[in-house]
Amino acid sequence: MTLVERFLKYVSFDTQSSEDTGVTPSTTKQMVFAQYLKSELEAMGLEEISLDENGYLFATLPANTDGTLPAIGFIAHLDTSPDMTGENVMPRIVKNYDGTDIVLCAEENIVLSVHRFPELLDHKGEDLIVTNGKTLLGADDKAGIAEIVSAVAYLQEHPEIKHGKIRIGFNPDEEIGLGAHKFDVEKFGCEWAYTMDGGEVGELEFENFNAASAKITFHGRNVHPGYAKNKMVNSLRVANRFVSLFSDAETPECTQDYEGFFHLIGMSGDVEQTTVSYIIRDHDRACFERRKQLMSQRVDFMNQEYGEGTVTLELNDQYFNMREKIEPVMHIIDLAFQAMKEVGVEPSVKAIRGGTDGAQLSFKGLPCPNIFAGGLNFHGRFEFVPIQSMEKAMKVIVKIAELVAK
Ligand SMILES: [Zn+2]
């Protein structure tokens, strides 16, 4: 099977994850896909193949050279976003893309337009895989899986390329933030690994946000409005006052690059009680800690104003910037850089404005930067992937394997 054939086969599996089930994998259809992949890896003759009850599939391509080389891993996720259906994906290949709008679905007038998605023009002359406008594509992250499996197959067919032990790992539930939770780092047994996930050709990521969530509860006192003078505390109004303490400038819609933010994600309540939810994000650990402090100080301020106990705060760390775990092992970044250059890809280092499985794995002891998988416009009907980008990602994997043995 070729890389493209693999990809087209993989997206025929609906593997949408779900935030609501509370089990791992969050949907059984991910397990169906994992089982299919397992049989494919078996047919390829890989070793140490294991699929655990949580849907984590590991396999080994043994070293083909003597000497002590580190075992390294390549990881991708099985699931697709809960944001958009992944059922009955009907991919289409637009050959030799001419730089004009692509009609995905004529009867519903769904168009992948150059005006809205100017990044299309970077791929003029390439072959794009697009959707029929009714589902997502699933290049996030089945492109990553197809690239890893194809790279391993390539290495099997080219024994003249010497490499150490290569482990591959496919995990469920990345899109609901749980891809790394039950990932058995010890069993995976690698010195370091790369996730192949997301992004434009050349992307190399080893910085992400530090992240916390804050839930603030405002306790009011409801009294008949006709008799409320000096008695009523309207929790809705107290909450509104609290929210107004946060600057417009420090919101996701006003920030980029390395700028952190407070993001108001929910408000609900009535006179008696109101709950407000925020997420707090910052790349810089000290700034991150300061933001959390600020959140507590503002809660204290409100309590001074309205009486102790009016406002309560639940503050929880969610994940941390992997940079601190990567810095001591920067050679794994240098290696990815060199591999990209040697296959003609210009590396572009970007700080992720979010989290990744790799960040959590890095804190579990497996340093794990992220490398592009080539897809674009994730999590929706406008998702597409250039075939040439997938080929480049596959070549990067092969080259990394080769460079580790040099
Ligand atoms: Zn992804």
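View 1. A pocket here is an open set of points on a 1 Å grid over the protein atoms alone, where a 1.4 Å probe fits, with protein on both sides within 12 Å along at least five of seven lines, and lining residues have an atom within 4 Å of a point. The model is a predicted one: local features need pLDDT of at least 70 and side-chain atom pairs pLDDT 80 or more, while totals for chains, interfaces and linings use all residues. Residues are numbered from 1 along each chain as its sequence is written, and side-chain values use heavy atoms, with hydrogens and water left out. The second largest pocket's volume comes to about 180 Å³, counted as the space filled by probe spheres set on the points, which are joined across faces, edges and corners. Strand β12 (residues 261-269) gives the largest share of its lining, three residues; strands are DSSP E runs of at least two residues, helices H or I runs of at least four, numbered from the N terminus.

**View 2. Rings and charges around Phe246 and Phe262.** Phe218, Phe242, Phe246, Phe262 and Tyr278 are joined into a cluster by ring pairs. Rings of Phe, Tyr and Trp (its six-membered ring) pair if their centres lie within 6.5 Å; planes under 30 degrees apart are stacked, over 60 edge-to-face, and the rest tilted. Arg298 puts its charged end over the ring of Phe246, 4.6 Å from the centre, and Arg291 lies over the face of Phe262, 5.2 Å from the ring centre. To count, NZ of Lys or CZ of Arg must be within 6 Å of the ring centre and within 35 degrees of the ring normal.

**View 3. The largest pocket.** About 960 Å³ of space sits in here. Of its 40 lining residues, Glu174, Glu175, Ile352, Gly355 and His379 are nearest the centre. Elements giving two or more residues to that lining include β3 (72-77), α3 (139-157) and α9 (357-363).

**View 4. Tyr10 meets Tyr36.** The structure has 18 aromatic pairs in total. In this one, the ring centres of Tyr10 and Tyr36 are 6.4 Å apart with planes at 70°, so the pair is edge-to-face. Tyr10 belongs to helix α1 (residues 3-10) and Tyr36 to helix α2 (residues 28-44), 26 residues apart.
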